[in-house]
Amino acid sequence: MTGKSTQPFLVLGMILSIGLALILPGQAAAHCDTLDGPVVADARDALAKEEVTSVLKWVKADDENEIRAAFAQTLAVRKLTPEARDLSDKYFFETLVRVHRAGEGAPYTGLKSAGTVEPVVARADQALEQGSVDKLAKDIAAHAEEGIRQRFNHALETRKAAGQSVQDGRRYVEAYVSFVHYVEGIAQVVHGAPHSAEAVPPAPGTHQH
């Protein structure tokens, strides 16, 4: 195969790889900075009970003092007026989320509105609440399989006519790259590095030393 004939693969492959790199991290990050996410939910509960302990799990040990100080300030101010309560609560939410994301190595761009959590992330939270991940795992696996089959069938069909003309060949190359990089993208998510400081549990039957 000559250098010219492989060029379409390389160019399209680079474009799709860059697209995956831009898309996947964004999907992983959009959760804990929402008003209906788990961080703010714990913050609301902590303020209602006037007990900070339940939110400390969201930050690193080195950041505990900052959160404790912000919590104490919030409790003092929120008792003044309803307006002061709203402002001080938001201040604490923003402080907690900002420090949490900094601990993950992620940027803080402000609190997102409620209802902006990705549906699949909401379902992941729901699975934890229900104590079972079976349906979520099956649905995601089925969705991934459907995507693989669609791209495979398209690549297989276009391959049959790939040698008839340059235009047909290009259609096949586009379908081929789409299929291969879709599979590669799934593999990278499944077997790639964990998100931020995420801990990976040991595989069943293995022992940690």
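**Side-chain contacts in the predicted model**

A salt bridge joins the side chains of D45 and K49, with N and O 3.2 Å apart. The model examined here is a predicted one. Both D45 and K49 belong to helix α2, where a spacing of four residues places them about one turn of the helix apart. The two partners can also be described by their accessibility: D45 is partly exposed, at 33% relative accessibility, while K49, at 59%, counts as exposed.

The total comes to eleven salt bridges. One of these links R171 to D168, and here the closest N and O atoms are 2.6 Å apart. R171 is partly exposed at 41% relative accessibility; D168 has a relative accessible area of 17% and is buried, because buried means under 20%. Salt bridges with shared partners also occur, and they bring R123, K135 and D139 together in one network.

What, then, of pairs that reach across the sequence? D33 and K112 form a salt bridge whose closest N and O atoms are 2.9 Å apart. On the D33 side the relative accessible area is 5%, and the residue is buried. K112, by contrast, is partly exposed, with a value of 28%.

Attention can now turn to the aromatic side chains. A pair of aromatic rings is described by the distance of the centres and the angle of the planes. The model contains three aromatic pairs. For F71 and F92, the ring centres are 5.3 Å apart and the planes meet at 65°; edge-to-face geometry requires an angle over 60 degrees, so this pair qualifies. F71 is part of helix α3 (residues 64-78) and F92 is part of helix α4 (residues 82-104), so the contact ties together parts that are 21 residues apart in sequence.

Methods. Residues are numbered from 1 along each chain as its sequence is written. This is a predicted model: local features need pLDDT of at least 70, side-chain atom pairs count only at pLDDT 80 or more; totals for chains, interfaces and linings use all residues. Side-chain values use heavy atoms; hydrogens and water are left out. Rings of Phe, Tyr and Trp (its six-membered ring) pair if their centres lie within 6.5 Å; planes under 30 degrees apart count as stacked, over 60 as edge-to-face and the rest as tilted. Helices (H or I, at least four residues) and strands (E, at least two) are DSSP runs, numbered from the N terminus. A salt bridge is a side-chain nitrogen of Lys or Arg within 4 Å of a carboxyl oxygen of Asp or Glu. Buried means under 20% relative accessible area, exposed over 50%, partly exposed in between (1.4 Å probe, protein chains only).
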